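Take a look at the model below.

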Amino acid sequence: MDFSNLTIASTRAAIAEKRITATELAETVFKKIKSEDSAIHAWLTLSEERALAQAQRIDDLVAKGDPLPPLAGVPIGIKDVMLTKGIRTTAGSKILDGFLPPYDCTAVERLEAAGAVILGKTNCDEFAMGSSNENSAYGPVHNPRDTTRVPGGSSGGSAAAVAAGMAVATLGSDTGGSIRQPASFCGVVGLMPTYGRVSRYGLIAFASSLDHIGPLTKTVRDAAALLGIIAGRDPMDSTSAGVPVPDYEQEINRRIQGLKIGVPKEYFGDGLDAEVRAAVEAAIDQLQTQGAEIVPISLPHTPYAVPTYYVIATAEASANLARYDGVRYGYRSPQARTLAEMYRRTRDEGFGPEVKRRIMLGTYALSAGYYDAYYLKAQKVRTLLARDFEAAFQRVNAIVTPTTPTAAFKLGEKTDDPLAMYLADIYTVTGDLVGVPGISVPCGKTRAGLPIGLQVLGRHFDEGTVLQVAHAVESSLSRA
Ligand code: GLN
């Protein structure tokens with residue numbers, strides 16, 4: 001059996017029809033990871049014991065002829081910012097090295113309850129801060145499509161694991177683009193649900209008003225299937241919404257005839273690579289051929305999105321990361337002689353340079369003299385960005401844009417220039433700031449064979465339309 005092409009549906013079928021057992025499948029995947037991941041480094045920790053115990057439970061159900069849960073035996077990886085009970089969880093940071101969480105993240109718990117086999121934890125930028133996975137304290141991830149290039153970030157390990165066929169699907173997190181941007185760079189599907197759609201309970205906080213958990217998969221249908229399982233109200237997260245969860249796998253089959261799709265001119269300006277533009281424009285033409293109405297729109301506050309994001313995200317991060325003091329979790333500096341010195345040394349030795357830069361920026365933006373000038377101002381601009389989207393969604397059902405201005409760049413290419421790195425998220429940060437759902441779906445390749453992603457954004461809680469449009473792009477690409 002070729003594991004690399006397995007989807008959720010084909011895994012489920014192979015196990016139900018007894019062509020493979022869940023245990024054989026899990027063992028095959030672990031073997032593949034062990035022989036191939038040295039070149040990619042998508043994984044930080046494997047949870048073999050837990051995975052094989054779950055696989056055995058599924059095989060017992062098959063043996064008894066009992067009904068199988070929707071993800072029976074599907075091997076899934078989890079970005080290392082989500083807590084897994086008793087399994088090392090680092091957030092890509094030295095400060096959490098050796099941390100064994102006392103409970104599971106709700107999304108992980110729901111996957112496992114649906115029969116998924118949790119393979120382990122995927123590599124990521126430290127505390128999900130980054131766009132290339134080069135900020136991981138455990139070393140970078142290489143893009144499986146070209147190992148001299150980055151996989152994107154911060155969910156680089158999650159995207160690379162799916163692209164390399166080392167997992168059928170993974171979970172990632174998106175605060176400014178960290179699911180969609182690596183999905184685009186690695187040629188997989190990455191879905192950021194509406195803010196509040198998926199519980200954040202057990203997600204290590206970066207910027208609480210921007211953090212989202214979502215799936216990375218090989219197909220849009222798989223993204224729909226996973227969202228249906230992890231979505232929905234969770235009493236453990238007061239920001240999780242009690243909005244009914246539809247059957248997303250049904251929704252993607254609707255025809256896009258008559259849908260109004262907005263194309264914002266601000267997302268096609270300077271800095272957009274010519275090959276990316278051509279592929280996205282060709283995909284938009286295909287949507288029109290399939291009967292969608294293409295509507296030129298404007299989101300006028302777009303130029304302010306990246307600076308607004310970097311004020312709000314760093315402010316929230318500076319507060320969230322105050323808890324790492326060497327007392328409660330993970331790493332503690334061994335050398336300190338006083339309490340204050342222990343705090344200082346632990347944070348100095350435990351955090352990497354990008355995390356320190358963000359804590360300093362965020363602390364500055366929140367400090368008494370500057371709060372009004374930076375943090376409050378950024379919150380006001382966030383409202384203006386939200387109004388841009390409200391106005392656009394009066395006229396259109398969905399918005400399409402490129403996911404990123406360029407295809408995957410080389411390792412090391414932007415590490416000395418944080419501002420250039422921050423611009424990799426120019427098309428994705430607004431979705432997080434406004435809280436609307438967004439997906440990246442492959443829509444073509446550069447001449448060098450690098451994947452190109454198209455982004456679809458939708459109305460709050462309307463992931464159905466986002467998935468439906470992405471599915472239309474995916475099917476026209478596979479017909480081409
Ligand atoms: N690249 C962005 C950042 O570094 C987004 C990260 C994310 O979405 N987690 O903040």
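**Salt bridges, strands and helices**

R357 counts as partly exposed, since its relative accessibility is 33%. Here buried means under 20% relative accessible area, exposed means over 50%, and partly exposed lies in between (1.4 Å probe, protein chains only). The model is predicted: local features need pLDDT of at least 70, side-chain atom pairs count only at pLDDT 80 or more, and totals for chains, interfaces and linings use all residues. Residues are numbered from 1 along each chain as its sequence is written, and side-chain values use heavy atoms, with hydrogens and water left out.

Which residue meets R357 in a salt bridge? The partner is E354, at 2.6 Å from N to O. A salt bridge is a side-chain nitrogen of Lys or Arg within 4 Å of a carboxyl oxygen of Asp or Glu. E354 is buried, with a relative accessible area of 9%. R357 and E354 lie 3 residues apart in helix α12 (residues 353-366), so about one helical turn separates them. Helices (H or I, at least four residues) and strands (E, at least two) are DSSP runs, numbered from the N terminus.

The salt-bridge count comes to 23. One of them joins D174 to R180, with the closest N and O atoms 2.9 Å apart. D174 is buried at a relative accessible area of 0%. R180 is buried too, at 0% relative accessibility. Another salt bridge links R254 and E251, where the closest N and O atoms are 3.7 Å apart. R254 is partly exposed, with a relative accessible area of 38%. A network of salt bridges links R337, E341, R345 and E349.

Now turn to the sheet. It is open and has 11 strands, in the order β1-β3-β2-β4-β6-β5-β10-β11-β9-β7-β8, with mixed pairing. Its edge strands are β1 (43-46) and β8 (293-297), each pairing on one side only. Neighbouring strands are turned by 30° against each other on average, direction ignored. Two strands pair if DSSP finds at least two bridges between them.

Start with β2 (residues 75-79) and β4 (residues 169-174). They run parallel and are joined by 3 bridges. Within this pair, I78 stands opposite L171 in β4.

Move on to β10 (residues 438-445). This strand is mostly covered, with 7 of its 8 residues buried. On one pairing, β5 (residues 189-192) and β10 are antiparallel over 3 bridges. M192 has G438 in β10 as its bridge partner. β10 also pairs with β11 (residues 451-458), in the antiparallel sense over 7 bridges. There G438 stands opposite L457 in β11. The hairpin of β10 and β11 has 5 residues between the strands, and G449 takes a positive phi near 90° in it.

Last come two helices. Two packed helices are described by the angle between their axes and the distance between the axes. The axes of α9 (residues 274-289) and α16 (residues 463-479) come within 10 Å and cross at roughly 105°. Axes are lines fitted to C-alpha atoms, for helices over the stretch in contact, and angles run from 0 to 180 degrees between N-to-C directions. α9 and α16 are therefore roughly perpendicular, a term for angles of 65 to 115 degrees. A283, Q286 and L287 in α9 meet V469, A472, V473 and S476 in α16, where contact means heavy atoms within 4.5 Å. By class, this contact has 5 nonpolar, 2 polar and no charged residues. Ala, Val, Leu, Ile, Met, Phe, Trp, Tyr, Cys and Pro count as nonpolar, Asp, Glu, Lys and Arg as charged, and the others, Gly among them, as polar.

Notes
Angles under 35 degrees count as roughly parallel, over 145 as roughly antiparallel, 65 to 115 as roughly perpendicular and the rest as oblique.
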